[in-house]
Amino acid sequence: KRVFTSAGIVGVGVLGLCSGMAQEEKPWNLKANLRSFYDNNYGTLNSANAAKDDSFGIDINPVGTYKAQQGPTKYQVEYDYRLRFFEGRSNNKTDNQHLISLQIANQFADDWNVRLNNRFSYAQEPGVNGPGGLVIAPVKTEGSHVRNNASAVLSHNVGETEDATLTYQNAVADYQGDGVASRSALLDMV
């Protein structure tokens with residue numbers, strides 16, 4: 001089992017710095033989280049393994065969001081960066097992750113709307129991430145990956161409580177590595 005203890009959490013949010021506009025909703029939002037932690041097995045090795053190591057660290061996570069609306073169309077762009085620094089690692093002391101999300105929604109008639117979503121991630125970290133950043137392989141190895149999830153949803157309101165929906169989703173993953181047993185050979189997908 002992996003034991004993870006958080007030593008402290010500090011959150012900083014910046015919702016708007018313009019004076020005199022405090023009552024209006026801002027199209028942008030900035031926030032950041034700074035957290036210290038202790039991880040007694042950052043390599044997620046078996047507890048009987050003598051090579052398992054521990055580390056204190058810092059997790060820095062700034063997020064910026066911009067929302068806009070033009071007529072019936074709404075747009076949202078978000079950039080989410082995460083840096084984890086491990087003081088106990090001898091090599092590669094940082095894990096980095098970049099997430100960029102784009103959402104477009106349009107109601108082109110009273111009972112019809114379309115939503116387009118795209119989520120792109122690039123990570124230089126030893127875990128294997130699935131949709132939404134979910135860790136799907138807890139054993140850590142060296143490597144980086146690119147992942148893109150896209151969807152298109154067309155909805156039609158056919159009654160007061162019913163909607164008809166047509167959805168298309170696609171995921172692309174490209175992991176670093178060469179060879180038959182590499183993460184690239186096992187996990188790359190379209």
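Leaving aside residues up to four places away in sequence, Ser-121 touches His-98, Leu-99, His-145, Val-146 and Arg-147. This is a predicted model, and in it Ser-121 belongs to strand 6, which covers residues 112–124. With a relative accessibility of 8%, Ser-121 counts as buried, because the limit for that class is under 20% relative accessible area.

The protein contains 10 strands and one helix, and along the sequence their order is β-β-β-β-β-β-β-β-β-β-α. Among contacts with a separation of 6 or more, 45% are made by residues 24 or more positions apart. Of the 190 residues, 24% count as buried, while the accessible surface comes to about 12300 Å², with 57% of that surface belonging to carbon and sulfur atoms.

How many salt bridges does a search of the whole structure find? The search finds three. One of them is formed by the side chains of Asp-59 and Arg-35, with a distance of 2.9 Å from N to O. Since Asp-59 lies in strand 3 and Arg-35 in strand 2, the pair ties together parts that are 24 residues apart in sequence. Asp-59 is buried, at 2% relative accessibility, whereas Arg-35 is partly exposed, with a relative accessible area of 21%.

Asp-59 also meets Arg-82 in a salt bridge, at 3.1 Å from N to O; Arg-82 is in strand 4, so this pair ties together parts that are 23 residues apart in sequence. Arg-82 is partly exposed, at 24% relative accessibility. A further salt bridge links Asp-59 with Arg-84, where the closest N and O atoms are 3.6 Å apart. Arg-84 lies in strand 4 and Asp-59 in strand 3, so here the parts tied together are 25 residues apart in sequence. Through shared partners, these salt bridges join Arg-35, Asp-59, Arg-82 and Arg-84 into one network.

A pair of aromatic rings is described by the distance of the centres and the angle of the planes. A search of the whole structure finds three aromatic pairs, and one of them, Phe-37 with Phe-86, is edge-to-face, at 5.3 Å centre to centre and with 70° between the planes. Phe-37 lies in strand 2 (residues 28–39) and Phe-86 in strand 4 (residues 73–86), so the pair ties together parts that are 49 residues apart in sequence. Phe-37 is buried, with a relative accessible area of 2%, and Phe-86 is buried with a relative accessible area of 2%.

Another pair is made by Tyr-38 and Phe-56, whose ring centres are 4.9 Å apart and whose planes stand at 50°, so the pair is tilted. As Tyr-38 lies in strand 2 and Phe-56 in strand 3 (residues 55–70), the parts joined here are 18 residues apart in sequence. Tyr-38 is partly exposed, with a relative accessible area of 24%.

Which residues form a nonpolar patch on the surface? They are Leu-34, Ile-58, Ile-60 and Phe-85, and together they have about 310 Å² of accessible area. Of these, Leu-34 lies in strand 2, and at 41% relative accessibility Leu-34 counts as partly exposed.

Note on methods:
Residues are numbered from 1 along each chain as its sequence is written. This is a predicted model: local features need pLDDT of at least 70, side-chain atom pairs count only at pLDDT 80 or more; totals for chains, interfaces and linings use all residues. Side-chain values use heavy atoms; hydrogens and water are left out. Helices (H or I, at least four residues) and strands (E, at least two) are DSSP runs, numbered from the N terminus. Buried means under 20% relative accessible area, exposed over 50%, partly exposed in between (1.4 Å probe, protein chains only). Contact means heavy atoms within 4.5 Å. Accessible areas come from the Shrake-Rupley method with a 1.4 Å probe; for residues, only the protein chains shown count as cover. Rings of Phe, Tyr and Trp (its six-membered ring) pair if their centres lie within 6.5 Å; planes under 30 degrees apart count as stacked, over 60 as edge-to-face and the rest as tilted. Patches are made of residues with over 30% relative accessible area and no salt bridge: like charges are joined within 9 Å, nonpolar side chains (Val, Leu, Ile, Met, Phe, Trp, Tyr) within 5 Å. A salt bridge is a side-chain nitrogen of Lys or Arg within 4 Å of a carboxyl oxygen of Asp or Glu.
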